[in-house]
Amino acid sequence: MKGATAISVLLLFPLVVQVGCAKGDRERKLDMLENNKEFARFIEQGKTPYARWLKRQLANPDPASEGWDLWQLTFSANHLEKQEVPPVQARANLRLVARKLEQIERLCAPTVWVHSGYRSPTVNNGVGGVRHSRHMEGLAADLSFPGSEASAVKKCICKRARAGICEMYVHKDRHYIHMGLCRYLEKPGPLKWCGEK
Ligand SMILES: [Zn+2]
């Protein structure tokens, strides 16, 4: 992630999806909508296919796992207008991410916030993401853990929830973790962030 991205993430901060200990709690999700007027307005106006998709998802959520709905993993920075509905393959991948998040919540951190999940290519460009970012495939998420040290959570993930992860690092100045799952048939190589060589 580059400097511009850090700024975008900073601007996005209130837009973080909060579930974690309140897993599956609809009231908490609605609370987020009420407290984020920009987001609520974007959905209400329904100007883009993504906005209309979000509206349908909110009315009838598609559960990605026990604790996460699909739409919660589609936020990316303050680029709502440029976000797109995740394609079918990305949606399938987001379900894998959701299951991994559940595992992390169970084993390593009671609360997980998602700062950035699926990104359309335009959004990825806008936030300064790398060219072949796994975010564009729905295979990556940037996470923070209120009440837990990011480095401690990372250690725990390395030890107890390592399977299927091909990318992971703690961002230097933002206390969050970028996690990228392996692509189909991709063999997980050593993760230097887990002390593997
Ligand atoms: Zn990332």
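**Exercise 1.** Which residues of helix 7 (residues 150-160) are buried? Find them, then locate them around the axis.

*Solution.* Start with the source. This is a predicted model; local features need pLDDT of at least 70, side-chain atom pairs count only at pLDDT 80 or more, and totals for chains, interfaces and linings use all residues. Residues are numbered from 1 along each chain as its sequence is written.

Step 1. Apply the cut-offs: a residue is buried if 20 or more other C-beta atoms lie within 10 Å of its own, exposed if 12 or fewer, and partly exposed in between, with C-beta atoms placed from the backbone. Helices (H or I, at least four residues) and strands (E, at least two) are DSSP runs, numbered from the N terminus.

Step 2. In helix 7, Val153, Lys154 and Ile157 are buried. They lie on the same side of helix 7, because they cover an arc of only 105° around the axis. That arc is taken from the directions from the helix axis to the C-beta atoms.

Step 3. Turn to the face away from the buried side: Ser151, Ala152 and Lys159 are exposed there.

**Exercise 2.** Identify the packing partners of helix 7's buried residues.

*Solution.* Contact requires C-beta atoms, placed from the backbone, within 7 Å. The partners are helix 5 (88-107), strand 4 (165-170) and strand 5 (177-181).

**Exercise 3.** Classify tyrosine 184 as buried or exposed.

*Solution.* Locate tyrosine 184 in the segment after strand 5. Tyrosine 184 has 9 C-beta neighbours inside 10 Å, so it counts as exposed. Its C-alpha atom is 9.9 Å from that of glycine 164, 20 residues apart along the chain.

Notes: Two residues are in contact if their C-beta atoms, placed from the backbone, lie within 7 Å.
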